[in-house]
Amino acid sequence: MRTTARFIPAIYIFLLMTPIYWLINMSFKTTNEILGTFSLWPNEVTFDNYITIFTDPTWYNGYFNSLSYVTINMLISVSVALPAAYAFSRYRFLGDKHLFFWLLTNRMAPPAVFALPFFQLYSAVNLFDTPLAVALAHCLFNIPLAVWILEGFMSGIPKELDETAYVDGYSFPRFFVRIFVPTIASGIGVALFFCFMFSWVELLLAKTLTSVAAKPIAATMTRTASSSGYELGLLAAAGTLTIIPGAFVIYFVRNYIAKGFALGRV
Amino acid sequence: MTLVFKNVTKRVGADVHIFDTSVEFVENEFNILLGTTLAGKTTLLQLMAGLEVPTSGEIWFNGNNVTGVATQKRNVSMVHQQFINYPHFSVYDNIASPLRVAGFSKADIESRVDSVANLLKLTPMLKRRPNELSGGQQQRTALARALVKDADLVLLDEPLANLDYKLREELRDELPKLLSDRKCTVVYATTEPTEALLLGGYTATVHEGQITQFGKTPDVYRRPTDLETARVFSDPPINTTKIIRKDGLMVLDEEVSWPAQGAADGLADGAYMMGIRPHFVTVQPTSENAVAIQGRVIVSELSGSESVVHFKLGDLSWVSQSHGIHAIDIGADATFYLDTRHCIYFGENEKLMAA
């Protein structure tokens with residue numbers, strides 16, 4: 001019984017980790033070895049793939065671009081969503097419920113729908129091919145998400161906390177920054193994580209709204225063939241590096257993720 | 001330091017939360033707001049604190065019209081039923097927060113926090129976070145924060161309701177002592193008549209958005225001005241019935257009547273509403289004035305020292321509360337004894353006639 005109890009999760013983890021292992025495995029191989037032989041581990045460990053990525057600007061700029069528009073997007077989304085979520089959670093106003101639901105409908109159209117208008121608009125205002133363009137475009141689906149998540153967390157805080165703070169003499173801005181934001185810090189962390197996640201994996205808008213200067217890493221990676229033929233080892237190394245920020249970010253919000261998926265409503 | 005409501009009303013949309021209310025609370029005293037859940041106690045407290053603005057009418061404090069003055073500019077403090085503390089502050093910082101906002105000096109803050117913490121037995125917990133404390137300690141922290149700044153008006157919204165029985169008794173004993181040597185008006189909301197009687201002071205009974213009576217707590221208890229007040233200020237609920245006074249007799253029905261004496265003596269003949277508190281309806285006669293009535297038992301609850309028996313008197317549901325253990329079978333017919341000296345008589349408009 002005990003062996004079965006361990007055996008099943010072991011299989012599960014094994015299946016889960018296999019593709020990731022294979023990616024890492026490939027990243028330490030030469031392209032010839034990848035194409036020529038089947039080996040469970042690199043016969044000849046090479047760091048050339050990683051060295052290329054860290055020295056070639058077309059590669060490392062991809063990471064820099066992606067991280068910069070993701071960071072800008074996270075900051076914009078959460079700082080805009082905080083006051084919005086507070087209003088939805090604390091005040092009743094005409095059409096509040098409809099407006100709140102309408103926010104979510106922004107997520108109901110595929111991003112491709114917006115690719116053309118964004119492309120046209122950003123070209124007109126000289127935003128095309130900048131990280132800010134992608135960051136703003138991603139706000140389309142990240143702000144509603146952040147509002148929903150934060151509203152859930154905020155509604156879990158009794159409004160008596162606000163009242164107590166006013167009675168204690170806190171002005172609204174001071175209460176919001178000193179008391180309220182720290183109280184829902186975990187919610188803000190979760191909202192930031194979800195913004196990161198959706199912005200980091202989104203490819204279509206990021207690719208459409210950039211050409212050279214702000215090209216995201218995922219776009220660079222989808223070029224499978226280059227002048228020197230197939231560079232599979234290089235792509236595997238790039239893929240491995242792309243996983244790392246996600247793993248790093250999720251570590252900080254690991255205890256709150258489930259609540260985040262329920263949009264803060266548990 | 002009086003708090004005065006002048007024709008205050010509060011409406012939210014089409015709902016009236018507080019009907020036209022005029023009352024003058026007593027300074028430096030315990031003023032108790034007694035009423036059931038949703039009666040409007042919390043709204044009244046919010047109006048006093050300035051968290052809500054009255055729809056019409058004025059609120060005066062210490063001779064100043066404070067209607068519409070922001071909460072932050074009034075020297076009030078408040079404790080809620082839920083244990084509300086700032087979760088990311090230590091207990092010390094929680095208590096110190098109103099002083100910090102008010103710009104007190106560091107040394108001043110330290111001495112004030114220390115003395116309040118000492119008073120509320122929080123000194124060993126000052127470095128901890130509120131969520132590491134028991135419920136009682138959390139509520140003490142909230143109380144300490146309310147007391148530390150010497151507010152002129154202290155608002156307590158069912159502060160003991162979420163505490164377990166023993167802690168509640170302990171803190172209820174301490175509260176009046178903590179507040180007695182301070183120059184502040186206290187308004188204390190509660191749903192429990194017993195709590196109002198234990199705390200003393202003055203009581204305002206609140207029913208469906210209206211203050212039905214305000215006066216010294218024992219006076220309100222003994223002489224409720226109308227039946228609704230008597231209902232609010234009675235636990236278990238007061239027993240009521242229609243009664244007729246005729247030829248010097250109080251006639252309950254064909255079989256039960258007694259000579260009109262005591263409170264009923266001065267009444268004119270006619271129809272009245274009678275109220276009698278459950279502990280004057282007992283399973284054994286407690287005085288010579290006891291009158292026997294017959295009822296069918298619905299439920300009997302034993303609490304160790306007391307028996308509470310619910311029974312049907314004709315169509316009416318009545319409650320009897322007696323000392324000792326008297327287990328009576330459900331559905332059995334039993335005899336109960338009314339102590340007729342303690343009947344309260346109301347007119348047919350439910351206003352007090354004699355008590």
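Mentor: In chain A, the crossing of α3(A) and α13(A) is right-handed. That word applies when the near helix is turned clockwise from the far one by less than a right angle, and left-handed when anticlockwise. This is a predicted model: local features need pLDDT of at least 70, side-chain atom pairs count only at pLDDT 80 or more, and totals for chains, interfaces and linings use all residues. Residues are numbered from 1 along each chain as its sequence is written, with chains lettered from A and ligands numbered from 1 in the order in which they are written.

Trainee: At what angle do the axes of α3 and α13 of chain A cross?
Mentor: Roughly 70 degrees, and they come within 8 Å. Helix α3 covers residues 48-55 and α13 covers 232-252. Axes are lines fitted to C-alpha atoms, for helices over the stretch in contact, with angles from 0 to 180 degrees between N-to-C directions. Helices are DSSP runs (H or I, at least four residues), as are strands (E, at least two), numbered from the N terminus.

Trainee: So what do we call the arrangement of α3(A) and α13(A)?
Mentor: Roughly perpendicular, therefore. The classes are under 35 degrees for roughly parallel, over 145 for roughly antiparallel, 65 to 115 for roughly perpendicular, and oblique for the rest.

Trainee: Which residues meet there?
Mentor: From α3(A), A:Asn49, A:Tyr50, A:Thr52 and A:Ile53. They meet residues of α13(A) including A:Gly233, A:Leu234 and A:Leu241. Contact here needs C-beta atoms, placed from the backbone, within 7 Å.

Trainee: Over to chain B. How do α2 and α4 cross?
Mentor: At roughly 30 degrees, with axes coming within 7 Å. That makes α2(B) roughly parallel to α4(B). The crossing is right-handed.

Trainee: And how many residues does each chain give to the contact between A and B?
Mentor: Chain B gives 18 and chain A gives 14. On the chain B side, β6 (76-79) and α2 are the elements with two or more residues. The largest share, 4 residues, comes from α2(B).

Trainee: What about domains in chain B?
Mentor: Domain 1 is 3-232 and domain 2 is 239-354. Those bounds come from an automatic or database domain assignment. Their centres, taken over C-alpha atoms, are 37 Å apart.

Trainee: How many residues of each domain are in contact?
Mentor: 7 residues of domain 1 of chain B are in contact with 8 of domain 2.

Terms used: Two residues are in contact if their C-beta atoms, placed from the backbone, lie within 7 Å.
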